[in-house]
Amino acid sequence: MEFIDMIKRSAMKLGRGLKHVKTSKDGHHSEDEENNKKITVGICVLEKKALSPPMTQILDRLKAFGEFDISMFGDDTILNQPIEKWPVVECLIAFYSKGYPLDKVIKYAKLRKPFLVNELESQYLLHDRRKVYAKLEEYGIAVPNYVVVNRDQPNEDVESFVEDEDWIELKGKRVHKPFVEKPVDGDDHSVMIYYPSTAGGGMKELFRKVGNRASEFHPEIRRVRRDGSYLYEEFMPTGGTDVKVYTVGPDYAHAEARKSPVVDGVVQRSSDGKEVRFPVLLSPEEKSIAHDVCTMFGQAVCGFDLLRSNGRSYVCDVNGWSFVKNSYKYYDDTACVLRCMFIAAAAPFQDISLPPTLPWKSKGNASPTIERHGSYGPSTFGRTEELRCVIAVIRHGDRTPKQKVKLKIHSERLLNLMLKYNGDRPREEAKLKSAVQLQDLLDACRQLIPRMRTGRESDSEAEDIEHAEKLRHVKAVLEEGGHFSGIYRKVQLKPLKWATEVNDKGETVERVTEALLILKYGGVLTHAGRQQAESLGKDFRNNMYPGEGTGLLRLHSTYRHDLKIYTSDEGRVQMSAAAFTKGLLDLEGQLTPILVSLVSRDAAMLDIVDPGADKAMETSKKFLFEAYSNNRGPEKPEEPASPWMVDGGGIPENPLRLLQRLVQLTKLLTAQIKELCKEEDYAAGSTSGSEDAACYVSLEARALGKADLDQDRVEAGLPCGSENFLLMFARWKKLERDMYNERKNKYDISKIPDIYDCAKYDLLHNPHLNLVGLDEIFSVAKALADGVIPNEYGINPVHKLRIGSKICRRLVGKILIDFWNTREETLSVAKLTSEPSGHWKPANKAPWRPVSSTAKLSSLATSEASTARLGNADTSASMVSLAPSESSSAAAGASLPGAPSPLEVAGGIPLAAPSPVKAPGKAPLPVEVPGGIPPGQAEAPGTPRSSTPSIMVGESASGPPTEAELVAMNLGRLEVGDNRRVSERVSDRVSDRVEKLDDEPDSPSAKSEGRAEEASYRLNPKYANVKTPQRHVRTRLYFTSESHIHSLINVLRYCHLDEKLAGQEPLISDEALHRLYETKELDYLTHIVLRLYENTEVPINDTKRFRVDLQYSSGAALSPLEVTPRGRDHVLPILPREPLQNVGTYLSLEQLEVMLKPFAMPVEEFPPPAGYPAVQHDSGDSHHRHRNQRSSNTGYTLQKIAV
């Protein structure tokens, strides 16, 4: 009877009824009668589901066992016949779909009492997303931060619901954009994503796949729906990947990843038209979640969506009966697991052992293999190497000139506006960025602006003409493009003067009388910049991965390509990264969804300049001012052997004469643009007097969102982009004023790069305006800028190294961490595959790891072995597949006499509450109960579950599992009776723990990336039809601005000059040093590439195992005067990459680390990134807190340095 009790406990785990076992009068079971009888299984689902390919595959396999009579109810029976006439079955598969009479089926189940694979009443719960989230939170499973807005009637005003441009709030709980809007009805799949104004705004609509589309972006929609009840949850960045988990019973879970529809909405399909999905490995925490989801909802076969973000896993949706598509391995496993369920429930004395060969295998129904595109390429050293890591630091693409307007304001309307947005504090400044704030400022400027029109007198409130011009300038900037975009325009209002007065209450208060308005704008990525970045992404895809070609997409889609992209906070940098990613991954659509889904911000690493660097750069500026103030330039030796070692290299002769000529040419150009501006101003004044006319902008270009050249504006003789002649004039007039102070007879050489920038921009984008003298301005400004720009970052090599190391200190540290993690991961795989048993023996010292980490491995192995051993037997909490693998290799280690054969791992989940099992002829064994739950006792809701990692049991070709093993599996554990299995269990647990070793304080990658997040998407080799599932390439892309590019180049070429590295050879060859010296400008999309190769033929301990390849390109460093045909599409080509080392020169990773370590920020000093913050849950549930605490212990919340 104990055997029957075990089966009952197994059924209780699923929460369903159990068929009573017939017994004879003397109490013994009629085994012969039970064994000769086929079990009747009813398929009570609508025909559309019952006849689907996955269901057909599984039912065919169940029939092949010869143990089941499958009864298909059919639509007519389900919909039209009374339940009394329905077939009588022992086991029932029944699940809801549209039009399914769930109430009727529940009545049938109560009448006939079959074993239910999925509970029926619980299926109502899945129809309401509110109840699903509440249930998940009750069990302590993490869900995204969310609020629910309930409306009994459409368009009903909900009390305390507030909607702002970039957030919504309900009862004081705020959710910021980007957020996801879901109908509370679980069957309604009309899901929307709303993006913040800082990313361009807009909304993406998600829907069920229609052809090759799964989403559509609507840039004009920014307000949430109000026609019903909705759940709003924080958008979780997941790297553009969705994970779907499929359970078959509480102890089996299969996970697949696919391209997320939030990226570009294009469904990735295979050559036969099926959506591309690949199986991935689940973490121990996720396996525990799968167990809980299955049991708490009473759905043995179900599916749910996982979001992997910020190092944690969140459940965002739970479905009913769900199947994996196009996976023969999954069909095999599902049929075997369902078989065990049915036999345990309806015929417990029937033999449940699997045959040596599954019945359907003899028919040759094997899954097809998939060809692999290799990344092996011949090296210059006569060997074949494998690419392991690609790191690129990239400057943003072509942009509009950066601009700034300053004016003092005294108007009460503007001063009150400042107080409105600084909290009514007269001493505090106000920052205006949002569309609402900028619209308020624009409305104020429209009322204050002088209406200087032909035939009318001016009614300006401004004090003088210059002030009026600046107000018109501000108004024109705010109207530019016809809409606001927070990442391109921002305003500061700083109080300057105050007066005291007595208010109505008799109190003395301060009142602001004067303030400074600072408007910053420009720096917008142009249509040319977008095209450049996208083209460079395509170039990387095709040329940066040897042997891959377009196979990079295959590598990425099969989750063997670990890609992460970081940018600074600047809008042009973010959009450059998004455009590059679009080309790299062959995406479609707008950049905003790509930016939010795939790109992370880290201003601390890629934007912020160390204050020490600013002080060091002041020395350079003083040197340049003195050099440009005389008419000879600095003294230089004749024909130096190494011109890159000379102080002030690149400064032209007679710079003062060039400055004088530049000022003259700038005045001539400004006069021309002023005439064009008058014509435009007249056109604006000739329009009607409506408010829309007051918002006149040339052709309402709205070019901020354009990806292509606006040919209409060009043909109309207007400036390219969204700039009008007034803004163009203001841009050049400001440069004219700032460049030379006539009263002081003083030149401001810091404006030279700005003049060069503007001249190049207008030559490239506005050649159709035929501005006289622009060509010469460009030539003169370039000659001057070639001396100013490189020397701003140091006047000699040592000075350049000092400044560069301060600016890019954190970036250099992150690059070293990327390489360190790649090497550790690669050597871990190499070590595992080099062992005869296929397992890493953790007690052996690993020479590539720190000694402390090796010691932890040894200690961990001992600890695991001690924990696993109970009495004279060893236990293993394992998830296994019931289908033997015909292609599997034999398990390692000597098998003890009588020991049961190990089973093939099915990528399943760790079992939580094992029960004692009595194997035939053996006494019951003591069992370790994870979480302290007694055998046979159900878990109370909210009880913390064990976080024991899953155990990868070895494969065997020796035969089917024993009855005891399969019964134990059905109950939630494997009884293990030999030391060999314990060794394999401990080794595999240690291998699993290696992914978390970096959580320790002295492990660099722990403080940097966190292994849990690093291993987020790993291909499951058991289910993937990929020949080399262990292959893995890491790509890290860092998009930044000019300062970080100059700094990194200077560190690479001059690092050997540091005192600590005396006697070391330079990283860069003399030839490359000369090329860098001749390259005065590191233009848009300049990039530095570091690639790490592994030579697997070299011993692991050999320093030549890993080689680093250095390349760079100076980007679009071409003159618009030399490109032909000139002005065709405004896009300059990107120069090809050049090597920074001589051919045949070997740079080992170890040598690179030695050379760069003095200039890298130590990992313990890394500040947190400025990207999207981790979600903070307000749940007071103790189980929830336990999960959060447990996650932190395994590195899930370690985010000092993002992956």
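Reply: Let us begin with the place of one residue. Ala253 lies in strand S15 (residues 253-259); helices (H or I, at least four residues) and strands (E, at least two) are DSSP runs, numbered from the N terminus. This is a predicted model, in which local features need pLDDT of at least 70, side-chain atom pairs count only at pLDDT 80 or more, and totals for chains, interfaces and linings use all residues. Residues are numbered from 1 along each chain as its sequence is written, and side-chain values use heavy atoms, with hydrogens and water left out.

Me: Is Ala253 buried or exposed?

Reply: Buried means under 20% relative accessible area, exposed over 50%, and partly exposed in between (1.4 Å probe, protein chains only). Ala253 has a relative accessible area of 0% and is therefore buried.

Me: Which strand is joined to S21?

Reply: Two strands pair if DSSP finds at least two bridges between them. S21 and strand S24 (residues 508-522) run antiparallel and are joined by eight bridges. Within S24, Ile518 stands opposite Lys406.

Me: How many residues of helix H13 are buried?

Reply: Eleven of its 15 residues are buried, so H13 is largely enclosed by the rest of the structure. Among them are His467, Leu471 and Glu479.
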